[in-house]
Amino acid sequence: MTHIKSALQKLVGRFKVDETRFIASSSTFQETEVRVEFIDPLFALMGWQMDNSIGLPSALRDVLREESHQTESSTKKPDYTFRIAAVRKFFVEAKRPSVDIRINKDSAFQVRSYGYTAGHHIAVLTNFRTLRIYDVQLEPKANDDADVGLLMSVDYEDFVSRFDEIVAALGRDQVAAGGIEAVFKTTATGSIPANASFLNRINSWRVRIAQDLSSRYSALAIEELSDFTQKIINRIIFIRMCEDRGIEGEYVLRDVANTKSMVELRTLFKRLDDRYNTGLFDVTKDRLQDTYEIDTNIFIGIVDEVYAPNSPYSFSVLDADFLGQVYELFLGQQLVFAADGSISLEFKPAYVHREIVTTPQPLVDEVVRRVFQSKFTELKLQGPLTMDSIKSLHVFDVAVGSSRFLLQAFDEMIEAAIEVLLAQGDETLLYRVTDDNYKLAFTAKREILRNCLFGCDIDYNAVEIARFSLMVRLLEDETKGTLPPIAQTKILPDLDNNILHGNTVVDATSFPFTSGVVFDKTQPLNWEASTLPESFDIVLGNPPYVKTEEMLSENAEEMAYYKDNYKTAYKQFDKYFVFIERALSKMKSGAWFGMVIPNKWITIESGKKLREIFAKNGLVSQIVDFGNEKLFEGKSAYVCLLVLTKTGTSDFSYRHVNDYQEFLLQPHAPGFNLPGALLKGVGGSAWVLPNDDSEALVLARLTANSTPLSKLIDAKNGIQTSANDVYLIDTFTVNGNYIDFVKSGVSWRIEKAITRPYVNDSSRVISYMPIDADALMIFPYAISIGGAPAAIDPAAMRRDYPMAKAYLDAHKTRLERRSVSPPPRPGVFYAYGRHQALEVVFTAPKIIYSVNQKGDKYAIDTVGVAYASGGTAGEVALIGPKDGYSLEFFLGLLNHRAIEFFVRKRGSPFGGGWYARGTAVVDDIPVPNLDIIGNPADQAKHDAIVDDVRALMKVLQDIRTASGRNLQALTTKHKVLLNSVEMKFNALWGFSNEIRDLVLPGEQM
């Protein structure tokens, strides 16, 4: 650090010598000079690779410079973009020293607008004379003074004394470790992120435009209004992005709008259509300018909102990635007519229950990067990578949305093309930005886009947005000087045959409906007649996550089609299963696949067929499992990155991510290598995968000499009434043979004999503790000895339980609304929703455990209480140990840290460190093999564990009433017994120190 500060002192001294000349209003010392001579060295001293001396490709460079605009007046992009692992962290805008940025509000607004639009935390403005750091989460306003949002301001004379402070915020290593967030912890309260703010504006425009059109053209359907509205908005955004990139002149749109002449506007659109060929401005088919017009004042008002001072956005920074995130949210809502004829927005039915609205960009970037890196590596093994081999790739997004996966694919292909051309020494299709930084020529990018990228979506608006976003990406780095000459027309490709409207997973040739409401709702795709390639080299995407019950309610006919046409449509499958199966069917030999999908498929029962396909065909290449990390704000989806291949690769890697922020610092880190034979051996059974050597050793020891728990004790789900609000009595008074309680303000009395003890509060389920009922459940069943439970006949109910019958009659309407399986006998409307567990639920003794927990909720029931379960909630019981095993042995087993580790691997993750462990999960728990009946030594090992567990239970009971020194002694004994049980199980598995780093039951990873 001493030598760095010494170098900084020399840099500061050099500036001070010529300061008077630098800051004079007549100074000829330009921005480019201050960047090269002072700003670059300053940030280099903070650890940034300003000259890329280590030779990273453009996609991975620390710092990107904006060198394409040679005069300050035309600069519309930030001068520097600082990145960590290709993720933009902050912008730096440079000014001449003669510009006093301490009071220059235009400069402050400019840099704040850049950072705000990009969604960064901070942005930096400097002329070396002063360095200023702004909070850019606060929406900038053109009339803000230069200090609004200011977090730090340092004059160059204080650079040395405050260097540690500056480095803590802006140093390369510090930024990589989260320094920006750590130093600047507070942001503007009530601020709206730029993408949400922009979406709000777009939605406002949608409603205003549609309302105006509808008021004057009442025959227009809501779908037509939606399409017109989207086209107008896309036109405005496209033109503004071209303006701020220097592709079109400044204020072109505003100047034409202010003429209030539809003729002038139509002329502009005609010129843009001739030039760009996007279809967006096709006036020959444009009913908007031919048959329908919007009010000029509304149009002018919207146009005013995309220019300063009314717009906080920089359309040069507002790129296709930003638009993609905005438009994915946009796609979730639709215009609707209200009863009074007004127009508003509401969520589309298909999005109401959809788990994921938009995929975090780092996940998109990483899964696409991994797939292309793998594909290019494979191609290089066959010979040198060439432009022809890149341009021959066919890439497909199964549910294209706003095209964010294809946008990243486009970037990967462009970077690969640059690498190939530089290796060949061929710069005819390149142009130089700086000495060591090149861009691919527009014509080459256009060819890749037209020939290589394809997608499909059932949402027509998504298709239009995807095409638009790809066009924006094509133009993103371009200027007027890098595009074909003005005289050349139709410079953009027509993507109508690349991005199609239709249902990727429903083929029109096999769908039984060829027209009508079902056909229109399903939108089957005719693959054979489409313009899509027959097969693909790379398949990408984030398919919809829709549960079975939601698919049934949304489109039962489509659901039936899945069952008839897809092997993976098994039990309670999710819609993304069939998207994966369809993708595999469209992949060439040697093709690669990358998707962001829920991680439950790895272990859940309905994922069996999917796992069988993967294992049998050796398809898995990489899994990055985010466990119970919540990556989607406000959503409960837990996901993984899945990379598959048809190359016949034998091994695969698995990486479990416990901290998403750590992943962002090292997204490319490899996973733990595992042999493909492992999956072939497991097949469709749940995959319990290790993350490193130590986990692999633990799992191997656990399973090497063991028996699945299901063979030694029965795991039973609880009762399911489907109307606990009726059957459950959680507050009551016992009066002899009767129970008094209140429901919905009404007092009731029923017969005590028709109730059973029930566990309602799961917090009462505590490991090694006995459990008592805290509620009653009305149980309208008769259980005969050796017979199956049967609902009490209505006549018997009236005779034996008239009060309970009256109570149930009062709730008959509520009970008849349920789905009851199997259907009850006539008059037995009070049967439970499911006929499960009725014969065992009151068994005692048994172990009761909570399904969703952290490993500390396994209790002994000696009373015979009832319990309920359903999905990932409620309780499960373990009943009837076999082969000489005792219940206490299993209680100790379940509370062992190695078993908790196994269960978390095998179960389903939930937020807050919770893990669900239903019967299928617990059934797979490995139990050490002991011959308790035939081998006295094994029986002694078993009995020693049982003795410790019983002693543990007694100690915990005593602790409840102990105090003083007795409490201290019992607490010590409790710890000793816990350790003793663990050591005895460790001896059975052969563990020594292998499990010391595993979390204890009840802890969070």
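**Close-ups of salt bridges in a predicted model**

**View 1. D725 and R814 pair up across the chain.** In this predicted model, D725 is partly exposed, with a relative accessible area of 43%. Its partner in a salt bridge is R814, with N and O 3.0 Å apart. The two residues come from distant parts of the chain, 89 residues apart: D725 belongs to helix α29 (residues 724-727) and R814 to helix α32 (residues 812-816). R814 is also partly exposed, at a relative accessible area of 23%.

**View 2. E248 reaches R271 from a loop.** Here a salt bridge joins the side chains of E248 and R271, at 2.9 Å from N to O. E248 sits in the loop between α9 (222-244) and α10 (252-258), while R271 lies in helix α11 (residues 262-276), so this pair, 23 residues apart, links distant parts of the chain. How accessible is each partner? E248 is buried, with a relative accessible area of 10%, whereas R271 is partly exposed, with 39%.

**View 3. R473 and E476 form a buried pair.** The closest N and O atoms of this salt bridge are 2.9 Å apart. R473 has a relative accessibility of 6% and E476 has 12%. Both residues count as buried because the limit is under 20% relative accessible area.

Note on methods
Residues are numbered from 1 along each chain as its sequence is written. This is a predicted model: local features need pLDDT of at least 70, side-chain atom pairs count only at pLDDT 80 or more; totals for chains, interfaces and linings use all residues. Side-chain values use heavy atoms; hydrogens and water are left out. A salt bridge is a side-chain nitrogen of Lys or Arg within 4 Å of a carboxyl oxygen of Asp or Glu. Helices (H or I, at least four residues) and strands (E, at least two) are DSSP runs, numbered from the N terminus. Buried means under 20% relative accessible area, exposed over 50%, partly exposed in between (1.4 Å probe, protein chains only).
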